[in-house]
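Okay, thanks for coming, everyone. Let me put the sequence and the model up, and then I'll walk you through what I looked at.

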Amino acid sequence: MDSLTQIVLGASVGEAVCGRKIGNKALLWGAIAGTIPDLDVLANPMLDMVGQLSFHRSVT
């Protein structure tokens, strides 16, 4: 999934789960939680593209 789709999906899940309990913060927290799985690519800058993709797919 691309990053934009993951952010939108996370925001919609946050809104669906929390709803009006925490208001618009549900969208923000959902978007952050949807983006976290993709941030592991930034944790390994010394690897080449194949190594990064392999690490990303194996850990998450």
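So, pLDDT first: that's the predictor's confidence in each residue, on a scale from 0 to 100. You'll also hear me number helices: those are DSSP runs (H or I, at least four residues; strands would be E, at least two), counted from the N terminus. Residues are numbered from 1 along each chain as its sequence is written, and side-chain values use heavy atoms, with hydrogens and water left out.

How confident is the predictor, then? The mean pLDDT of the protein is 79, and 93% of the residues reach 70 or more. As a reminder, where pLDDT is low, the predicted coordinates should not be read in detail.

Now α2. I'm calling a residue buried under 20% relative accessible area, exposed over 50%, and partly exposed in between, with a 1.4 Å probe and protein chains only. Which residues of α2 are buried? Ala 26, Gly 30, Ala 31 and Gly 34. These four sit on the same side of α2, because they cover an arc of only 130° around the axis, taking the directions from the helix axis to the C-beta atoms. What do they pack against? That would be α1.

Take Gly 30, in helix α2. Gly 30 counts as buried because its relative accessibility is 8%. Leaving aside neighbours within four places in sequence, Gly 30 is in contact (heavy atoms within 4.5 Å) with Gly 10, Ala 11 and Gly 14. Val 8 is 22 residues away from Gly 30 in sequence, but 8.3 Å away in space, C-alpha to C-alpha. Val 17 in helix α1 is 13 residues from Gly 30 and 9.4 Å from it, again C-alpha to C-alpha. Val 17 itself counts as exposed, because its relative accessibility is 58%.

On the face turned away from the buried side you get the exposed residues Lys 25, Leu 28 and Trp 29. Leu 28 and Trp 29 also belong to a nonpolar surface patch of about 730 Å², together with Ile 22, Ile 32, Ile 36, Leu 39 and Leu 42. Patch residues have over 30% relative accessible area and no salt bridge; like charges are joined within 9 Å, nonpolar side chains (Val, Leu, Ile, Met, Phe, Trp, Tyr) within 5 Å. A salt bridge here is a side-chain nitrogen of Lys or Arg within 4 Å of a carboxyl oxygen of Asp or Glu, and areas are Shrake-Rupley with a 1.4 Å probe, where for residues only the protein chains shown count as cover.

Last stop, Leu 39, in the loop between α2 (25-35) and α3 (49-59). Leu 39 is partly exposed, at 45%.

Note on methods:
Predicted model: local features only at pLDDT ≥ 70, side-chain atom pairs only at ≥ 80, totals over all residues.
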